[in-house]
Amino acid sequence: MSDLLDTVRGLAKKTDSKILMVVLDGVGGLPLTLNGDTELATAQTPNLDALARESQLGLVELVGAGITPGSGPGHLSLFGYDPLRYVVGRGALSAVGIGVKLNSGDVAVRGNFATLGRDRLILDRRAGRPSDEKNVEIVTLLRQAIPEIDGVPVEIYTESEHRFVVVFRSQGGEGLGANLSDVDPQVTGVQPMLAQAQDPASAKTAGLVNAFVARAEATLKGEEQVNGVLFRGYSDVPHFPSFEDAYQLKAACIASYPMYKGLASLVGMDVLEVEGHEDALDGKVEALTQNWAKYDFFYFHVKKTDSTGEDGDFAEKVHKIEIFDELLPQLLALKPDVLAIVGDHSTPSKLLSHSWHPVPLLIRSEYGRRDMTARYTEEEAQKGSLGLRRGPDVMPLLMANALKLNKYGA
């Protein structure tokens, strides 16, 4: 464990108080024009504004200054795990999130369906965000075409929309290395990259990945939109210290997307069933309400504040923030002893991608010192008493506000 996590583990104690952590995925933004407003500042959020006036605010760097976090490191950081120490590829998170068991020596990889144009140039890294039904159709085609490569079994799974997961299964005790470069260049207008092994143990895996890409493109050449695949986030079987052991918390995850459920599962949270489409928040609120008495800590994930930013749709990201604001009173009605609202990274619509900008953090508890802040926005958060924090600081702050930490030292 990191020093801070190990220290908190030694101080943590069980109490009846409840903590609710709401992660507005990618909520941080940028103005479209100089001196303009971010998506948060543009949104009409009367409930968040009222909450900010009775809370503590600050900003959080999930990994470090200038470093753009992926969703996995961002969430690990919020859960108190130093993302520079605890590293996991997105492939394992997605695989575990959809219930795939990984064995020692296997390699899981996160895939994007993509649209390729002339000379294999990438036109759309997400293939227009196809429906889940189309995803299943394409995965079925690939399963039939690529059951194995060079004797290595290949398993292909639907995740959602443009996302899928591939697992290369090790054979005969010979493990596959997961240290290789991405196929996904994360920009358009260029060709997919060749996977390159970063160590000798990963050379075979690089060959498998490149063969998969070529065979997938041949299989999908008749498709107009979903005609290519991009890979990133290779990983073998990860191991993390138990969240419950570290914090003395019985924790629950309320999320729809497999990657986030996988991450929560890997640290030992119970993943609750959520009814309805993954975009809908009503099912998440219902799951929270129905299980409120059973847990000490809830992780409540809101995805579309991120994906609208990735699509470059400033107005729609504003709209998704306003939708969350409308349901906020239902969360407050449960009367959590500590409520945190934070992002796992910024996804400015202006950039159409994750960014390095710190995310706003709000903490409300009976034992917090109220700030002179008026709104939950990036500008207001930088005025708050919490200052600029690293992501792993968030959980100790929540534990302290919930009176779940003993005194350190004599």
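Glu-148 stands opposite Pro-153 in strand E6, and that pair is a handy way into this predicted model. Residues are numbered from 1 along each chain as its sequence is written, and side-chain values use heavy atoms, with hydrogens and water left out. Because the model is predicted, local features need pLDDT of at least 70 and side-chain atom pairs count only at pLDDT 80 or more, while totals for chains, interfaces and linings use all residues.

The opening pair belongs to strands E5 (residues 148-149) and E6 (residues 152-160), which run antiparallel and are joined by 2 bridges. Strands here are DSSP runs (E, at least two residues), helices are runs of H or I with at least four, and both are numbered from the N terminus. Two strands are said to pair if DSSP finds at least two bridges between them. E5 and E6 make a hairpin with 2 residues between them, and Asp-150 in the turn has a positive phi of about 50°. E6 then carries on to another antiparallel partner, strand E7 (residues 163-168), through 6 bridges. Ser-160 has Arg-163 in E7 as its bridge partner. This hairpin, too, has 2 residues between its strands, with Glu-161 in the turn showing a positive phi of about 50°.

Along the principal axes, the C-alpha atoms fill a box of roughly 60 × 50 × 40 Å. Of the 410 residues, 57% count as buried, meaning under 20% relative accessible area with a 1.4 Å probe and protein chains only. Among contacts (heavy atoms within 4.5 Å) with a separation of 6 or more, 75% link residues 24 or more positions apart.

Next comes an open sheet of 8 strands, with mixed pairing and the order E10-E9-E11-E1-E12-E13-E2-E14. Its edges are strand E10 (270-271) and strand E14 (387-390), each of which pairs on one side only. Strand E11 (residues 297-302) has 6 of its 6 residues buried, so the strand is largely enclosed by the rest of the structure. Both faces of E11 are covered, with Phe-297, Tyr-299 and His-301 buried on one side and Phe-298, Phe-300 and Val-302 buried on the other. E11 pairs in the parallel sense with strand E1 (residues 19-24) over 6 bridges, and Leu-20 has Phe-298 as its bridge partner there. Strand E9 (residues 251-254) also runs parallel to E11, over 4 bridges, with Ile-254 opposite Phe-300. Elsewhere in the sheet, strand E2 (residues 56-61) and strand E13 (residues 359-365) pair in the antiparallel sense over 5 bridges, and Gln-56 stands opposite Ile-363.

Helix H14 (residues 394-401) is another well-covered element: 7 of its 8 residues are buried, so the helix is largely enclosed by the rest of the structure. The buried residues include Val-394, Met-395, Pro-396 and Asn-401. After H14 comes Leu-403, whose phi is positive, near 55°.

Conventions
Buried < 20%, exposed > 50% of the residue type's maximum accessible area, 1.4 Å probe, protein only.
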